[in-house]
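Reader: I am new to this structure and would like to know how its terms are applied. Please show it to me first.

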Amino acid sequence: MLAITGPHDTPGVMKAVHAHLPKPHDPFTDLVPPQGIKLTPNHYAYLKISEGCNHRCTFCIIPSMRGDLVSRPIGEVMHEAENLVKAGVKELLVISQDTSAYGVDVKYRTGFHGGKPVKTNLQKLCEILGELGVWVRLHYVYPYPHVDQVIPLMAEGKILPYLDIPFQHASPRILKLMKRPAAAEKVLARIREWRKACPDLTIRSTFIAGFPGETEAEFEELLAFLKEAQLDRVGCFAYSPVDGAKANELPDPVPDKVREERKMRFMEVQAGISKAKLKAKVGTVQKVIVDAPGVGRSMADAPEIDGIVKFKGGKTGTFETVKIERSDAHDLFGTLNSLR
Ligand code: SF4
């Protein structure tokens with residue numbers, strides 16, 4: 001017997017076998033490092049936990065292209081995460097089409113990590129990723145009720161207090177047409193609870209303006225939600241008919257011009273919210289990960305989609321602390337604590 005592993009722990013079995021019997025040389029794969037080939041900078045990496053989606057949002061064609069949800073075994077995900085961390089990654093960005101559904105397809109079956117049984121679900125995955133000692137950021141979280149369970153892990157500092165959760169709209173009728181969960185008051189109440197439990201929580205979301213059938217009153221409802229929810233980071237798309245999407249068959253499409261105009265109005269409201277939120281950070285000290293000398297991201301900023309923190313100095317791939325001195329609608333500006 002070489003080792004004791006659990007069922008489905010293929011990486012564990014292979015590791016034990018290869019400790020005694022080295023793999024034959026394969027010229028095609030032997031030059032690939034254990035963490036795989038990354039297209040991102042060395043200090044952060046995307047960690048894909050599943051493929052496909054069980055939802056059928058009417059504006060989306062992903063399920064018809066990628067199929068239903070297929071979760072990767074939790075041991076395999078952790079094996080990749082550990083290799084990335086060993087290779088110097090300091091921030092893991094958890095992605096999928098539907099991160100909160102992780103494990104639904106395998107009925108949350110028990111997998112194995114480090115020789116121990118672990119359930120295949122988002123909460124457990126966050127718990128063990130949180131033990132790797134790097135930033136862990138969650139993306140594409142569908143607003144299921146059980147998302148509430150990861151908020152305490154954020155409050156305890158195990159994973160970043162950051163939730164990328166696309167709400168898409170706030171009008172119950174439009175959400176129903178979109179085939180999304182339709183209860184804006186419940187969402188507002190949950191956001192209040194999340195913030196009570198984790199005051200540093202950053203919420204990023206995306207919305208669609210000008211969905212087929214959206215009336216002016218329903219769009220106003222969306223703006224009212226936005227003002228009430230005070231989300232930290234928001235993206236808005238004017239509805240764009242994707243070939244093959246069910247939403248294209250809905251009656252009363254909104255004219256192009258109106259869609260664009262609503263998007264602009266939406267972004268104007270959000271710019272005011274974002275500006276005030278960032279201004280409130282002036283005078284605070286923020287931990288940042290340095291993407292390039294002079295450019296970092298705080299816990300509230302995911303790469304590519306959120307703002308940045310600008311300062312003088314810093315070495316790529318290190319953590320620094322920055323005293324925030326100024327802000328605008330998107331970014332923060334400050335001085336490295338080590339230079340003060
Ligand atoms: S929008 Fe997201 S949740 Fe909805 S069907 Fe597409 S991938 Fe799934």
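Reader: Why is Tyr 108 called partly exposed?

Author: Partly exposed lies between buried, under 20% relative accessible area, and exposed, over 50% (1.4 Å probe, protein chains only). Tyr 108 has a relative accessibility of 33%, so it counts as partly exposed. This is a predicted model, in which local features need pLDDT of at least 70 and side-chain atom pairs count only at pLDDT 80 or more, while totals for chains, interfaces and linings use all residues. Residues are numbered from 1 along each chain as its sequence is written, and side-chain values use heavy atoms, with hydrogens and water left out.

Reader: Where does Tyr 108 lie, and what is its phi?

Author: Tyr 108 belongs to the loop between strand 4 (91-95) and strand 5 (110-113). Helices (H or I, at least four residues) and strands (E, at least two) are DSSP runs, numbered from the N terminus. The phi of Tyr 108 is positive, about 55°, although the residue is not a glycine. Most residues other than glycine have a negative phi.

Reader: What makes Glu 304 exposed?

Author: Its relative accessible area is 71%, and the cut-off for exposed is over 50%. Glu 304 is therefore exposed. It sits in the loop between strand 12 (295-297) and strand 13 (309-310). Glu 304 also has a positive phi, about 75°, and is not a glycine.

Reader: How do you know whether Glu 193 and Glu 261 are buried, partly exposed or exposed?

Author: Glu 193 has 47% relative accessibility, so it counts as partly exposed. Glu 261 is partly exposed because its relative accessible area is 40%. Glu 193 lies in helix 7 (residues 184-197), and Glu 261 in helix 9 (residues 256-279).

Reader: Why is Tyr 142 called buried?

Author: At 10% relative accessibility Tyr 142 counts as buried, because the limit is under 20%. Tyr 142 is in the loop between strand 7 (135-138) and helix 5 (151-155). Leaving out residues up to four places away in sequence, it touches several residues, including His 55, Asp 98, Lys 179 and Arg 180; contact means heavy atoms within 4.5 Å.

Reader: What makes Thr 58 buried?

Author: Thr 58 has 9% relative accessibility and so counts as buried. Its place is the loop between strand 2 (50-51) and helix 2 (62-66). Among the residues it touches, beyond four places in sequence, are Leu 177, Phe 211 and Ala 245.

Reader: Which residues are around the ligand, and how do they divide by class?

Author: They are Cys 53, His 55, Cys 57, Phe 59, Cys 60, Pro 63, Gln 97, Tyr 142 and Arg 180. A residue is near a molecule if one of its heavy atoms lies within 4 Å of it. The shell has six nonpolar, two polar and one charged residues. Ala, Val, Leu, Ile, Met, Phe, Trp, Tyr, Cys and Pro count as nonpolar, Asp, Glu, Lys and Arg as charged, and the others, Gly among them, as polar.

Reader: Which residues touch the most other members of the largest nonpolar core?

Author: A nonpolar core is a set of buried Ala, Val, Leu, Ile, Met, Phe, Trp, Tyr and Cys residues joined through side-chain atoms within 4.5 Å. Of the 57 residues in the largest one, those touching the most other members include Leu 129, Phe 167 and Trp 194. Helix 8 (residues 216-229) gives the most to this core, with six residues.
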